[in-house]
Amino acid sequence: MATTPAPEQMKRPMFGWLLHDGFVVTQRNLIATTRVPEVLFFSLVQPVIFVLLFAYVFGGAIPIPGADPDAGAAAYREYLMPGIFGQTVAFASAASTVGLAEDMQKGIIDRFRSLPMAASAVLFGRTASDVLRQVLVLAVLSVTGLIVGWRIHNGFIDAVSAYLLLLLFAYAVSWIGCWIGLHMPNTETANTAGLVWLFPLTFLSNAFVPLTGMPPVVQTIAEWNPVSAVVLACRELFGNPTGYISDAWPQQHPIAYTMGSCALLIGIFATLAVRKYRQSA
Amino acid sequence: MTDAITAERLVKHFGDVKAVDGLDLTVPFGTVFGLLGPNGAGKTTTVRILTTLLRPDSGQATVAGIDVVKHPDEVRRVIGLTGQYSAIDEYLTGRENLSMVGRLYHLPHGYVKERSAELLERFSLTDAADRPVRTYSGGMRRRLDLSASLIGRPSILFLDEPTTGLDPRSRQQMWEVISDLVADGTTVLLTTQYLEEADQLAEKIVVIDRGHVIAQGTSDELKTQVGGDRLEVVIHSGSNLEDASTAIRSLADGELTLDVTTRRITAPVSGGSTILVEAVRALDATGVSLDDIALRRPTLDDVFLSLTGHAAEEVAVDADKPARGRGRGRKGAE
């Protein structure tokens, strides 16, 4: 029935195919995003609402240790923005959970599995596209921050470093999201399970309130929470008020701790997720 | 030359359910092979094993001479799979879907472009090619799904219930498309619960029930296995059913079946069309008048009934059907 002759499949080293296939899947996920702009729109609206709520509802009530007492709510808004950045990129992992669960439920994973593609490309493509979307989200959030009075006080390099740390963190939690997504029986469950762990993760941190007000056990958890580290690192790099910094190692070395914990999380959850993806064949 | 597909004593459990229970299969190259069975017979599980989506608990299977468990990647290079549920991306356009699959088959860019256009044309999807699949009808999705499986010109194609859920017109279209493929020399393994479909498309049919093969042969061989012709008469409401039965019993080779409500008498007979003449004479002699009389060969429905003791459509066990929504029975597959 066809006139085109049977093709030769191209040859490339295995790692080359992983990159190629990962790129194809990333592209597919990004095209899908543009076809449902509503989803992207609401994923942008949510953090903006958080900024406005925290800035104008809690703002005046939360004093920031070390900040100019006369600055009041303005100091809190400067303190808050890196917290919102950290929280927002953490919540991005829910998109990975739901995206994978949806692919599985709709059967397209069966298509991928029956193709001679690199198996883990589906997961690498998913995490890559979810992180790329965060670039846009961070841009919108930054503009919102500038409007409510947040400023970048340090240099360009420091600011870029802060954004890169946020994206690294987004990538790490996105792998956790993938691993969770692969266990989901359907998208409805994924919608809940993808979010539920993120509330304690982001709230048991210095994202919104200084560590000083927390009971000792909670404070210890918050000190070692990677969210606290990435948020504190951003505050330092952007030159925003840092609040109280405890003696705990992650608080003293937030950049190193962020990079180390992200590397560890990626190592663990990428391995687990790839294994799970292969097993559930 | 080796066979296109072989399976030896395949076994796959899902918990306590034996979905596939010692299944043997041999499909020569260049044939259309029908895997026929009711829901839960193990058809989908068998296809999933052969297409490397599932590992069997025991037994062996090869596709194009390649072991599916030992070398799944090599098997994937030569097969195409179209499942019961459209394995295409809703948000991408038809063309984007084909391009994605072609690239993941690692085919050259120019080829993928050309071949996609050709397939879209062949499957009457050119007009819709640049619309997101979300806007497609069920029949269009199924055709696109099949196009995606064909992009790399696989030598062996697996079609798992390709027409389930389609309206009669779309089904007819699918049948035409599948027939064309066969003319092209592609080996096709087709699962179906529609006896008519297996009869239409498959040269050879394997009937499976509860995970193993219960009969195989050509459609004609299976029908012969069940027995010869059947005489069916429908008696006019003014005539006596008893008299008619007596007249027909004298011509029959075996037991009559009598349906009182529809006033239909069915009898196994032999002797070809002369028996029709004899039947009309005998009934006329007893003064019975007829609404209808026909001689018919057994259908695959009859085959199924006589082989399994139940009709094809009325089976409750649902082992290889998706457990939830549009997904697959993935829980069990882990």
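I looked up A:Trp175 and found it buried, because its relative accessibility is 0% (buried is under 20% relative accessible area, exposed over 50%, partly exposed in between, with a 1.4 Å probe and protein chains only). This is a predicted model, where local features need pLDDT of at least 70, side-chain atom pairs count only at pLDDT 80 or more, and totals for chains, interfaces and linings use all residues. Residues are numbered from 1 along each chain as its sequence is written, chains are lettered from A and ligands numbered from 1 in written order, and side-chain values use heavy atoms, without hydrogens and water.

Rings of Phe, Tyr and Trp (its six-membered ring) pair if their centres lie within 6.5 Å; planes under 30 degrees apart are stacked, over 60 edge-to-face, the rest tilted.

I checked A:Phe124 with A:Trp175. The pair is edge-to-face, with centres 5.0 Å apart and 75° between the planes. A:Phe124 sits in helix α5 (residues 121–148) of chain A and A:Trp175 in helix α6 (residues 156–181), 51 residues apart. Helices here are DSSP runs (H or I, at least four residues), numbered from the N terminus. A:Phe124 is partly exposed, at 30%.

Then I took A:Phe199 and A:Phe203. Their planes are at 20° and their centres 6.4 Å apart, so they are stacked. Both lie in helix α8 (residues 198–203) of chain A, 4 residues apart, about one turn. A:Phe199 is partly exposed at 39%, and A:Phe203 is partly exposed at 37%.

Ring pairs also join A:Phe199 and A:Phe203 into a cluster with A:Phe50, A:Phe54, A:Phe91 and A:Phe208.

Conventions
Helix = DSSP H or I, 4+ residues; strand = E, 2+ residues; numbered from the N terminus.
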